[in-house]
Amino acid sequence: MDVEQTALPGIGLRHEFTTRAGRRIGVVSHRTGRRDLVIYDPADPDRACETVKLNDEEADALAELLGAPRIVQRLNALHREVEGLVSLQLPISPGTPYVGRPM
């Protein structure tokens, strides 16, 4: 998948890609942290026909819905391809410096 990245001076960053069906979809990440999901007009790829503003919680929920199954698929494929590969879930105890941080 070819994802285009465009800096938007004073606004933030835009990522866009075209689906197999030919629809153009983008995400604008504002400097404020807000994100906009943008669906472009099929007849005019420069015109947004729909924009959905997402706060941090909504953006995280959407990313989790879209990303989690894909990560599991990739991990399962790696387990089939790489002999001896092991992955484990490790509990993070409250009070450790790793709580709430990405690993």
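This is a short tour of a predicted model, one selection at a time.

Residues are numbered from 1 along each chain as its sequence is written. Because the model is predicted, local features need pLDDT of at least 70 and side-chain atom pairs count only at pLDDT 80 or more, while totals for chains, interfaces and linings use all residues; side-chain values use heavy atoms, without hydrogens and water.

Start by colouring the protein by pLDDT (the predictor's confidence in each residue, from 0 to 100). The mean is 86, and 96% of the residues reach 70 or more. Confidence is lowest in α1, at a mean of 80, and highest in strand β4 (residues 35–41), at 94. Helices (H or I, at least four residues) and strands (E, at least two) are DSSP runs, numbered from the N terminus.

Next, select residues 24–30, which are strand β3.

Two strands pair if DSSP finds at least two bridges between them. Find E16: its bridge partner in β3 is G26. The two strands form a hairpin with 5 residues between them, and G22 in the turn has a positive phi of about 90°.

Now show β4, which runs antiparallel to β3 and is joined to it by 5 bridges. I25 stands opposite I39 in β4. The hairpin of β3 and β4 has 4 residues between the strands, and G33 there takes a positive phi near 105°.

Methods:
Buried < 20%, exposed > 50% of the residue type's maximum accessible area, 1.4 Å probe, protein only.
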